[in-house]
Amino acid sequence: MADIQGSYDDLFTAVPNALSALLDEGDAGGSVAVFVDGEPVVDVWGGFADADRTIPWQRDTITSVWSVTKTMTALCALILVDRGELDLDAPVGHYWPEFADAGKEKVLVRHLLAHTAGLPDWDGPVEDLYDWPAATARLAAQAPRWEPGSAAGYHSLTQGFLVGEVVRRITGRSLGEFFAEEVAGPLDADFRIGLPAEHDHRVARAIPPSGQSEDYAASAPGGKAAPTAATRIRVRDGNSVAWRRAEIPAANGFGNARSIALTQSVPACGGAVRGTRLLSQAGCDRARQEQFSGEDRVLGMPVRWGLGYGLFDNTYGWGGWGGSLVVIDPEHRMTVAYVTQQMREPADDTRGLEMVMAAYDGLQGLRS
């Protein structure tokens, strides 16, 4: 079996075993963390940080977690709602006047978080993603694809700019700055939205699925969604310096399983972790309020959207392109995070769910 580093409670042995099995199957590397009551019961990692398998994955290795970043952006918005600085039922134009154009006057803040605003696609050059004013100006000029609030379509890249610009208008800080100062800093979480150069040496760069090159691009997992002319993001884009330096709050967070599980333990544990309170209980409950249930027009599959999170029975969270995942279980005060740089084809990728199921094996023993 592949060697696994880190620590874990004996009740949760199934989790490191599951990670080891994935490495034995050919994955390059990854990390898994399970937090219960805000403390780690699993914090393990293994494999290699590079495609050539010469650099061991270490405790402080980080990687792009793609859309898992959305859970961090959602947390920032929910904190502002909790503080009374952001009204979910206010028109976005109340905070961002230029946005109230081209039929978007009725787009509410909650529509941005629930993927129902009608602005799902990025139809500009990839380079504009690295230029915040250009990206937000493009979105402010766009017309919605449907009546805001009437349907959902996954805002894979656009959501972070939309929510992030509202946060910037309220606080005077970018989403990445707000997250660093109000969330990651107080929790001492090793997660960043946009990555400074001094952390580049720790990055495990994305590895495309077997048989694919760095031109491999993101696609909807459901397969039933209507094709669009939207700009597709390739692995080579995500591995570029420009991508790392930019702030793309829907998609370019960098961290490891430990930092994700720690941060998302805030909503799992009633808003406070290790004596640091970031949300009220009401703020945590707000994340789970269903905003939409039905087929997502972009993903081509049934989805339930809360406020910035996908809802799954009694749990919530979200996954990222390539396999990373976070699941929050407030009933059991548990958070499970899995991070990898080794991509698989979305239709064939059950790795994150395997980690979650392994964590529940341990939880049963812990609670019995």
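Over the ring of which residue does the charged end of K104 sit? Select K104 and F99: the charged end of K104 sits over the ring of F99, 4.9 Å from its centre. A charge counts as sitting over a ring if NZ of Lys or CZ of Arg is within 6 Å of the ring centre and within 35 degrees of the ring normal. Next, select R138, which lies over the face of W122 at 5.7 Å from the ring centre.

The model is predicted, so that local features need pLDDT of at least 70 and side-chain atom pairs count only at pLDDT 80 or more, whereas totals for chains, interfaces and linings use all residues. Residues are numbered from 1 along each chain as its sequence is written, and side-chain values use heavy atoms, with hydrogens and water left out.

**Helix 1**

Select residues 14–24, which form helix 1. Helices (H or I, at least four residues) and strands (E, at least two) are DSSP runs, numbered from the N terminus. Among the buried residues of this helix are V15, P16, L19 and L23; buried means under 20% relative accessible area, exposed over 50%, and partly exposed in between (1.4 Å probe, protein chains only). Now display strand 1 (4–8), strand 2 (29–36), strand 3 (39–47), strand 15 (334–340) and helix 12 (351–367), against which the buried residues of helix 1 pack. Just after helix 1, G26 takes a positive phi of about 125°.

**The nonpolar cores**

A nonpolar core is a set of buried Ala, Val, Leu, Ile, Met, Phe, Trp, Tyr and Cys residues joined through side-chain atoms within 4.5 Å. The largest has 87 residues, and L129, W243 and I260 have the most contacts inside it. Helix 2 (residues 69–82) gives the largest share of this core, nine residues. Apart from it lies another core, of 21 residues, among them L19, V32, V41 and A358.

Select L129 to view its contacts (heavy atoms within 4.5 Å). Not counting residues up to four places away in sequence, L129 touches residues including W122, F161, W243 and I248.

Then move to G238 in helix 8 (residues 235–238). G238 is buried, with a relative accessible area of 3%. Leaving aside neighbours within four places in sequence, G238 is in contact with W66 and W243.

**Aromatic pairs**

Rings of Phe, Tyr and Trp (its six-membered ring) pair if their centres lie within 6.5 Å; planes under 30 degrees apart count as stacked, over 60 as edge-to-face and the rest as tilted. The whole structure holds 12 aromatic pairs. Select W132 and F161, a tilted pair at 5.0 Å centre to centre with 55° between the planes. W132 lies in helix 5 (residues 132–141) and F161 in helix 6 (residues 158–171), 29 residues apart. Both W132 and F161 are buried.

Continue to Y154 and W305, whose ring centres are 5.8 Å apart with planes at 10°, so the pair is stacked. Y154 lies in the loop between helix 5 and helix 6 and W305 in strand 11 (residues 301–305), so the pair ties together parts 151 residues apart in sequence. Finally, select W66, Y216, W243 and W321, which form one aromatic cluster.

**Cysteines**

How many disulfides does a search of the whole structure find? The search finds zero disulfides, a disulfide being a pair of cysteine sulfur atoms within 2.5 Å. C284 is in no disulfide either, and the nearest cysteine sulfur, that of C269, is 8.7 Å away. C76 counts as buried because its relative accessibility is 0%.
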